[in-house]
Amino acid sequence: MTTYFTKFLFIVFISIPFLGNTQHKPSLRWEPGISVTKKIDSRWSYNMSISGRQRFTNYGEGERNLKTDRWEIKSFGTYTLFGSKKLSLGYMYRTVDPFEPESGWEHRITQQFAFITNFGGYRLGNKIRLEQRIRSSDYLTRLRYAISNDFPLQGESLDPKEFYLIGGNELVYAFNGLGDELENRFSLGIGRLIKGGQKLQFSVQSRYSDLISSNRDHIIQFESVYYFNL
């Protein structure tokens, strides 16, 4: 048990977010989704996912605002390089406030480089992303870096019907001709390997946005995702 507790503390340590200060209550949200991955051959794989997001409260005083504020579909093609390094190209389409009289949309193109590093005997997943966000209201370029670690709660390897913990932190820098902003996303979660590569994962994510300015917003987002491998 001590070993698992040490690993958990290590995840928290590498994932400490730049919290900043905020005088407002966070916006509470829940995002369920389904993710399907198909391995084409030893190098190529393809992923598609569908998710939505339910808002419960607004920023500020935490007033209730029950509504679905987005639906989105994503697709990624991934090529595995030497040393398990991976290059991916992705596309996403999102509808914003789909049930409101005035809804919005977004097209997003993503280029990603993923690799594994080792620190103190732990395998850390790293992702660097460059995104072009074409929205109904404006255009943004984003640069993202994420680091994460996961480990089984029983033994050294993950077997079917066993649970695992995951934690990570991500910095998101967005900019356009009007300005820029920095966001931090810290997450902790638990998952269960079911069978045939299927996983059910639950996590909670703390998002602090507008870290460059003095007016910072905070989101607490709960996420649930079912992963399939074909």
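How many bridges join E1 to strand E2, and in which sense do the two strands run? Nine bridges hold E1 and E2 (residues 44-57) together, and the strands run antiparallel. Please keep in mind while you explore that this is a predicted model. E1 and E2 form a hairpin, with four residues between them. To find one of their meeting points, look for Gly33, whose bridge partner in E2 is Ser51.

E1 also pairs with another strand. Strand E1 (residues 27-39) lines up with strand E11 (residues 217-229) in the parallel sense, over 11 bridges. Here you can look for Pro32, which stands opposite Ser224 in E11. In general, strands of a sheet pair through backbone hydrogen bonds, in either a parallel or an antiparallel way.

## A closed barrel

Now step back and look at the whole sheet. A set of 11 strands closes into a barrel, in the order E1-E2-E3-E4-E5-E6-E7-E8-E9-E10-E11, and the pairing is mixed. Neighbouring strands of this sheet are turned by 20° against each other on average, direction ignored.

Strand E8 (residues 163-176) and strand E9 (residues 179-193) are antiparallel and share 14 bridges. Within this pair, Gly168 has Ser187 in E9 as its bridge partner.

## Charged partners

The model holds 14 salt bridges. One of them joins Arg94 to Glu106, with an N to O distance of 3.4 Å. This pair links distant parts of the chain: Arg94 lies in strand E4 (residues 86-96) and Glu106 in strand E5 (residues 104-119), 12 residues apart. Are these two side chains buried or exposed? Arg94 is buried, at 5% relative accessible area, and Glu106 is buried too, at 1%.

A second example is Arg142 with Glu131, where the closest N and O atoms are 2.9 Å apart. Arg142 sits in strand E7 (residues 139-152) and Glu131 in strand E6 (residues 122-135), so this pair also links distant parts of the chain, 11 residues apart. Both Arg142 and Glu131 are buried. Salt bridges that share partners join these residues into one network with others: its members are Glu72, Lys74, Arg94, Glu106, Arg108, Glu131, Arg133, Arg142, Arg144 and Glu170.

Two members of that list, Lys74 and Glu72, form a salt bridge in which the closest N and O atoms are 3.5 Å apart. Lys74 is partly exposed, with a relative accessible area of 27%, whereas Glu72 is buried, with 6%.

## Glu223, a buried charge

Let's finish with Glu223, which has its place in strand E11. Glu223 is buried, yet it has no salt bridge. Why does Arg207, the nearest side chain of opposite charge, not count as a partner? Arg207 is 4.0 Å away, and a salt bridge needs a side-chain nitrogen within 4 Å of a carboxyl oxygen.

A polar contact of 2.9 Å joins its side chain to that of Gln221. Leaving aside residues up to four places away in sequence, Glu223 touches Trp30, Glu31, Gln201, Phe202, Ser203, Gln205 and Arg207.

Notes: Residues numbered from 1 in each chain as written. Predicted model: local features only at pLDDT ≥ 70, side-chain atom pairs only at ≥ 80, totals over all residues. Heavy atoms only, no water. Pairing = 2+ DSSP bridges. Buried < 20%, exposed > 50% of the residue type's maximum accessible area, 1.4 Å probe, protein only. Axes fitted to C-alpha atoms, helices over the stretch in contact; angles between N-to-C directions. Lys, Arg positive; Asp, Glu negative; His and termini not counted. Polar contact = N/O pair within 3.5 Å; in protein donor to acceptor, adjacent residues only side chain to side chain. Contact = heavy atoms within 4.5 Å.
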